[in-house]
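Please consult the sequence and the structure shown below while reading.

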Amino acid sequence: MPRPASEEAGGALLHWGYRPRMKAIMSGLAALIAGITGGADAQEVIEPAPASDPAPAVPPLVTRERMVAEQILRRGVGDSQVLAAMRKVPRDRFLPPDVKNLSYDDRAIPIGYGQTISQPYVVAFMTDALDLKPTDKVLEIGTGSGYQAAILAELVKEVYTIEIIEPLGTRAAGILSELGYKNVNTRIGDGYRGWNEAAPFDAIIVTCSPDAIPQPLIDQLAEGGRMIIPVGPQGEPQQLVLLRKSGGRIEQKKVLPVVFVPMTGEVEKR
Ligand code: SAH
C-alpha cells in the first residue's frame, strides 16, 4: 500500500517550480557579449529570443519520466501499463496557459471555475486501483481538464466522461479530440445519475467528492465491476473508497485519505 497522500497538501516529495529557460539565458548572454563587442554586425546577427518563445529548458518527455520515477513509482504504483500511460499523455496540454509551467509538479493545480486537475500520483493511484483491462468500458464523473480521461483512454476500449461545468467540459472535449482520442465520449451534465444508455460499466472513477456514494453509479457497475470514489464531508480529508460488485454483492474498502473538490448538483439536495 502506498503511503497516504492528498490532493492539495500531503504526499509531496518534491516541488519543481520554474525552470530557468536556458535559451532565454543564452540569448541574454549573447546580447551582452554583442553589447561588449559593440559591433553593428554582431547586433544584426545575434537576436534575442522572442519573449513568447515557449521552449522549456527540459523536454516534456524527460519531465514526465521524472514525474513517473519520483512521484509515482517511488510511492508504490508499479503497474507497467499505468506508468506507460502516465509517461505518454502530455499533461501540459490539459492545463490553462497561466499554469502550464506547473504541469508536472507534485500537486493538484487550478484549472479555472474553482476546480483542479488532480495530483499526478492520485491520478496514477486511482487508475491502478481500478485494475483495468484493454476491453473495459469506463465511466468518469468529473471530466475537469480531460487529463484523467486521456489516461483511461490509453488503457481501455471505451471511456465515457461527464462534466457539470459546461466551459470545462467543452474545453476538455476539444483537447481530447486535438490529441486524437477517438474512444472518449464526453457529455455536459450532472454525473450523479451516471450514463444509463452506456451502462453497465466495468469501472467507474469519480473525481469529485459526494457525502455518500450515489446509488445510480452502483447500479451501473457491471458484475465484477470496480469503482473508485472520494467520499466524505467537505472541508475535511475524504476517503478514497474502492468498491467491487461481485455475485451481486458490494464490497468496499477505504484505500487513501484525499482532498477533492465537492460533487455538485443533485447530490447536494440529498
Ligand atoms: N478528472 C479531472 C479532475 C477534475 S476536478 C481531471 O483530470 O482534470 C472534478 C470535476 O468534477 C470538476 O471539474 C467539477 O466541475 C466536476 N463535477 C463536480 N460535480 C459534478 C457532477 N455532479 N457531475 C459531473 N461533474 C461534476
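Strand β2 supplies the largest share of the shell around the ligand, namely three residues. The model discussed here is predicted. In total, 24 residues surround the ligand, and the closest are Gly-142, Gly-144, Ser-145, Gln-148 and Gly-191. Two or more residues of the shell are given by each of β2 (115–117), α6 (147–155) and β4 (158–163). Sorted by class, the shell around the ligand holds eleven nonpolar, eleven polar and two charged residues.

Helix α6 also packs against helix α4 (residues 80–88). Two packed helices are described by the angle between their axes and the distance between the axes. For α4 and α6, the angle is about 130 degrees and the axes are 9 Å apart; the two helices are therefore oblique to each other. Their crossing is right-handed. On the side of α4, the contact is made by Gln-81, Ala-85, Met-86 and Lys-88, and on the side of α6 by Ile-151, Glu-154 and Leu-155. This contact of α4 with α6 has four nonpolar, one polar and two charged residues.

The table sets out the two groups by class.

| Group | Nonpolar | Polar | Charged |
|---|---|---|---|
| Shell around the ligand | eleven residues | eleven residues | two residues |
| Contact of α4 with α6 | four residues | one residue | two residues |

A further residue, Val-231, lies in strand β7 (residues 221–231). Is Val-231 buried or exposed? Val-231 is buried, because 20 other C-beta atoms lie within 10 Å. Beyond its neighbours within four places in sequence, Val-231 is in contact with Ser-209, Pro-210, Ala-212, Ile-213, Gln-238, Gln-239 and Val-241. Val-231 and Val-241 are ten residues apart along the chain, and their C-alpha atoms are separated by 6.8 Å.

Methods:
Residues numbered from 1 in each chain as written. Predicted model: local features only at pLDDT ≥ 70, side-chain atom pairs only at ≥ 80, totals over all residues. Near = placed C-beta within 6 Å. Helix = DSSP H or I, 4+ residues; strand = E, 2+ residues; numbered from the N terminus. Nonpolar A, V, L, I, M, F, W, Y, C, P; charged D, E, K, R; others polar. Axes fitted to C-alpha atoms, helices over the stretch in contact; angles between N-to-C directions. Parallel < 35°, antiparallel > 145°, perpendicular 65-115°, else oblique. Left-handed = near helix turned anticlockwise from the far one by under 90°. Contact = placed C-beta atoms within 7 Å. Buried ≥ 20, exposed ≤ 12 C-beta atoms within 10 Å, placed from the backbone.
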